[in-house]
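These are my notebook entries on a few local features that I looked up in one model.

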Amino acid sequence: MMNTRVVKIDSSNMKSEDFSDAARLLREGKLVAFPTETVYGLGGNALDATAAKRIYEAKGRPSDNPLIVHIADMNALKLLAREVPDEGRRLAEAFWPGPLTMIFKKNPIVPDSTTGGLDTVAVRFPSHPVARRLIKESGVFIAAPSANKSGRPSTTEAGHVIEDLSGRIDMIIDGGAVEIGLESTIVDLSSGVPAILRPGYITFEMLSKIVPEIVYDSAVLKREPDNKIVARAPGMKYRHYAPKGDLTIVEGCQSQVVKAINAAVKEKEEAGHIAGVLATDETLALYTCRIVEDVGSRNDEASVASHLFARLREFDEKGVEYIYTESFSDDNLGQAIMNRLLKAAGYKILRV
Ligand code: TXA
Ligand code: MG
């Protein structure tokens, strides 16, 4: 166990000195967790093969699952990517800095341990002021997966990072709760037609306006686990975002869903289990069970996205063994919400 320092940085009032220890640690190949606009990241020097190995160790992550390289200016892209197609330039112009990751053929300076042995590299230019300043002050490109233990829900506040990674990394920068709450949208520009590998805050609808030919990778839209699909993003083949409890998505018209969930919870409770419900503002009052968490309003999917992972962690804290959730629309931001829920549930859906 190492001693993990937690340092608070207020993004509206930052000084260079606030970053000097974190920047030095990164230059030394050590690990620093930091806030981004999507989720917290577990950062290390992306061009240092040893730092990348430390990231896999700290997360308990399989080392064939590649890392995203975070940059803070457009010149960095030329150094990392061997080829930037025109679509990539247009998407960067439209959405960077911001919650979009793009995959390009990589240059040799990016070590294999950062890309999990692939000849492509994932690059993201985050908009969070603390993340950008950390990259600038350290002078390194920061490889960062989400700052959670492998398989657990991503972290959206420093407390979650402390829970999962304290004693395993050198420093945690506490920049408060993040804004978006779901990981970045990933678009593959390394071969063929531009394809969405992971839906996120930058939606299909938004991307299509810039690159009309964009498609979803077939693995994104599937509603059941299919081991035959070779995932283009290696991370998509692992069970992800999962709370400790057993999660089921209940789909159907609202009154039937509420009825089915109330009945399922009652049955579990009568059998001596702890069961809980992930509800929305609209349905909160309709559940008769003891443990009900409100994830936000259906009329504001951004609020649902920003609370989702924190609520799943709260079920864990309460020792909930069976969790039931309503389903969400499959367009716009609902696509990303459902993608995370399906993975967290291991694709378990109850249709009523
Ligand atoms: O919002 C985010 O993207 C956050 C913050 C910290 O930036 N990061 C994040 O990283 O979510 P991570 O490691 O949890 O997810 C990265 C995903 C994985 O599914 C990985 O397989 C995929 O990106 N990926 C990374 N490099 C890739 C590559 N070269 N080709 C295909 N997929 C790649
Ligand atoms: Mg992750």
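I looked up Tyr347 and found it buried, with a relative accessible area of 17%; I use buried for under 20% relative accessible area, exposed for over 50% and partly exposed for values in between, with a 1.4 Å probe and protein chains only. Tyr347 lies in the loop between α11 and β16 (349-351). I take helices (H or I, at least four residues) and strands (E, at least two) as DSSP runs, numbered from the N terminus. The phi of Tyr347 is near 65°, which is positive in a residue other than glycine.

I note the conventions here: the model is predicted, local features need pLDDT of at least 70, side-chain atom pairs count only at pLDDT 80 or more, and totals for chains, interfaces and linings use all residues. Residues are numbered from 1 along each chain as its sequence is written, chains are lettered from A and ligands numbered from 1 in the order in which they are written, and side-chain values use heavy atoms, with hydrogens and water left out.

I next checked Asn332, a residue of helix α11 (residues 332-344). Its phi is near 45°, again a positive value in a residue other than glycine. Asn332 counts as partly exposed, at 36% relative accessibility.

I then turned to the peptide bond from Trp96 to Pro97, which is cis with omega near -10°. Pro97 sits in the loop between α4 (86-95) and β5 (100-105). For context, most residues other than glycine have a negative phi, and most peptide bonds are trans.

My next entry concerns strand β13 (residues 275-279), where five of the five residues are buried. Ala275, Val277 and Ala279 point one way from β13, while Gly276 and Leu278 point the other way. β13 pairs in the parallel sense with strand β15 (residues 322-326) over four bridges; I count two strands as paired if DSSP finds at least two bridges between them. In this pairing Ala275 stands opposite Tyr322 of β15. β13 also pairs in the parallel sense with strand β14 (residues 291-294), over four bridges, and there Val277 stands opposite Val292.

Last, I asked which residues Thr155 is in contact with, leaving aside its neighbours within four places in sequence. I found Val39, Tyr40, Ala147, Asn148, His160, Val161 and Arg313, contact being heavy atoms within 4.5 Å. The side chain of Thr155 reaches the backbone oxygen of Ala147 at 3.2 Å. Thr155 is in the loop between β7 (142-143) and α6 (158-165) and counts as buried, at 0% relative accessibility.

Terms used:
Polar contact = N/O pair within 3.5 Å; in protein donor to acceptor, adjacent residues only side chain to side chain.
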